[in-house]
Amino acid sequence: MPKLLILDNATVITPHRQIRAGCVAMRGDTIEYVGRVSDLCADIKEGTESEFRDVDGAYVIPGLIDTHLHGGGGADCMDGGTECIRIAAAAHAAGGITAFLPTTVSCSGRQILEFIESVRTVMGDPEPSGARVIGAHLEGPYLDLSMAGAHDRSQVRLPNPDEYQEWLEHSDVVRRMTVAPELPGALRLGRELSRRGIVASMGHTRAEFAEVEAALDHGYSCVTHYLCSISQSTRLPDRKIAGLAEAALAYDDITIELIADNMHLPPGVPMMVYKCKGPDRTMLTTDSIRAAGMPDGEYVLGDEATGLRIIVDRGVAWIPDRTSFAGSVSLGCNLMRNVVQTSHIPMHEAVRMMTLTPAKMLGIQGRKGVLAPGADADIVVLDRDYSVRTTFVGGRVVYSRNG
């Protein structure tokens, strides 16, 4: 039987509660105890092999979950094959992410099928060397052309059942899809996604308020990168209309995704969304690209051979004419720091927004997104400056700042 590993003298955020001078004990790949070490010691049977690690007051939190991640460490998840996904997984373990959905950009149907198969292979890794891959997020190609952002406009198109049904046959891999819901055929697609248990997310869209309402009736439940390439209140020649930005706040059952890097959104926006939606309907994402964890310079978004050239300048990714951001270069722990320090969101609720909230969206909250007996031992030791000291995936150290 594996020995009991105990992270002691910690500020434990479960994230339902905060336990000062607490501990988390794991055995193998499973959490066995969360609480006060005195209570644990009373329950440890004589002869049980155990190891105590004093974390000296650091935060111990559930592993972060990112449902929208394109790459990192110099690799894009669409470079082809499996190694690029594993490189990104290792890079983001250094930021506290323990589970994620590799994410596409708009591309050919053939590339999407190849991507799905690569994701499936990496999902099967018995002992990942970084964050665990728990599925795929298809961002595009069914987007509004005028709101395509950094997506290749030559690959943006209308929903085609003959094309997407082949992708959705892999619903054990495809866990989320971002679509512009106003497009012809998008409501039918929403129904199909919902039927298969795939999260239907609205993004890169000009949808008016009424079109968002129709989308909700057809299975859409999430907003991709709020206030980035989505419709907002605007004046037409004869009237004023509201868009997805307003509908997302108006309807309680819509989950809003935020790129909280303090560049895509000013600090006041996460504060506003949090106050309107609460931590259970507010979700943090890196939306990171291959440049995450890398120096400034020129990179490619998407497949390195055919993707879009981008520029990273002072930690911000741009398309070449600088009219649009091109994803972020953030790590998960940076988002936590930003929403706590500049958006004034309580720490335990910031944790919830990148652990339990995405876990619930994906239907895996019994195993991930929480520190509780029986849950997966996906755990992050976070210093008070929000830098990651250690990341555990399934009870194994996949990142340690001290090597």
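Me: In which sense do β1 and strand β5 pair, and over how many bridges?
Reply: This is a predicted model, in which local features need pLDDT of at least 70 and side-chain atom pairs count only at pLDDT 80 or more, while totals for chains, interfaces and linings use all residues. Residues are numbered from 1 along each chain as its sequence is written, and side-chain values use heavy atoms, with hydrogens and water left out. A strand is a DSSP run (E, at least two residues, numbered from the N terminus), and two strands pair if DSSP finds at least two bridges between them. For β1 and strand β5 (residues 59–62), the sense is parallel and the count is two bridges.

Me: Through how many residues does a hairpin join β1 to β2?
Reply: β1 and strand β2 (residues 18–27) pair in the antiparallel sense over seven bridges, and in one of these Leu7 has Val24 of β2 as its partner. The hairpin that joins β1 to β2 runs through four residues.

Me: Which residue in β4 does Leu4 stand opposite?
Reply: β1 is also joined to strand β4 (residues 50–54), the two running parallel with five bridges between them. In this pairing, the residue of β4 that stands opposite Leu4 is Ser50.

Me: How many of the 10 residues of strand β1 are buried?
Reply: A residue is buried when its relative accessible area is under 20%, exposed when over 50%, and partly exposed in between (1.4 Å probe, protein chains only). Strand β1 (residues 4–13) is largely enclosed by the rest of the structure, because the number of its 10 residues that are buried is nine.

Me: What is the angle between the planes of Tyr59 and Tyr386?
Reply: Rings of Phe, Tyr and Trp (its six-membered ring) pair if their centres lie within 6.5 Å, with planes under 30 degrees apart counted as stacked, over 60 as edge-to-face and the rest as tilted. The structure holds five aromatic pairs. Tyr59 and Tyr386 form one that is stacked, at 6.3 Å centre to centre and with an angle between the planes of 25 degrees.

Me: How many residues apart are Tyr59 and Tyr386?
Reply: Both residues are buried, yet their pair links distant parts of the chain. Tyr59 lies in strand β5 and Tyr386 in the loop between β22 (379–382) and β23 (388–393), a separation of 327 residues.

Me: Why is the pair of Trp318 and Phe325 tilted, and at what angle are the planes?
Reply: Phe325 counts as partly exposed because its relative accessibility is 23%. The ring centres of Trp318 and Phe325 are 4.8 Å apart, and the pair is tilted because the planes are at 45 degrees.

Me: Which residue lies over the face of Tyr59?
Reply: A charge sits over a ring if NZ of Lys or CZ of Arg is within 6 Å of the ring centre and within 35 degrees of the ring normal. At 4.3 Å from the ring centre of Tyr59, the residue over its face is Arg384.

Me: Which are the edge strands of the open sheet?
Reply: An open sheet of three strands has parallel pairing and the order β6-β9-β10. Within it, strand β9 (residues 97–102) is joined to β10 by two bridges, and Phe100 stands opposite Val133 of β10. The edge strands, each pairing on one side only, are β6 (64–69) and β10 (132–133).
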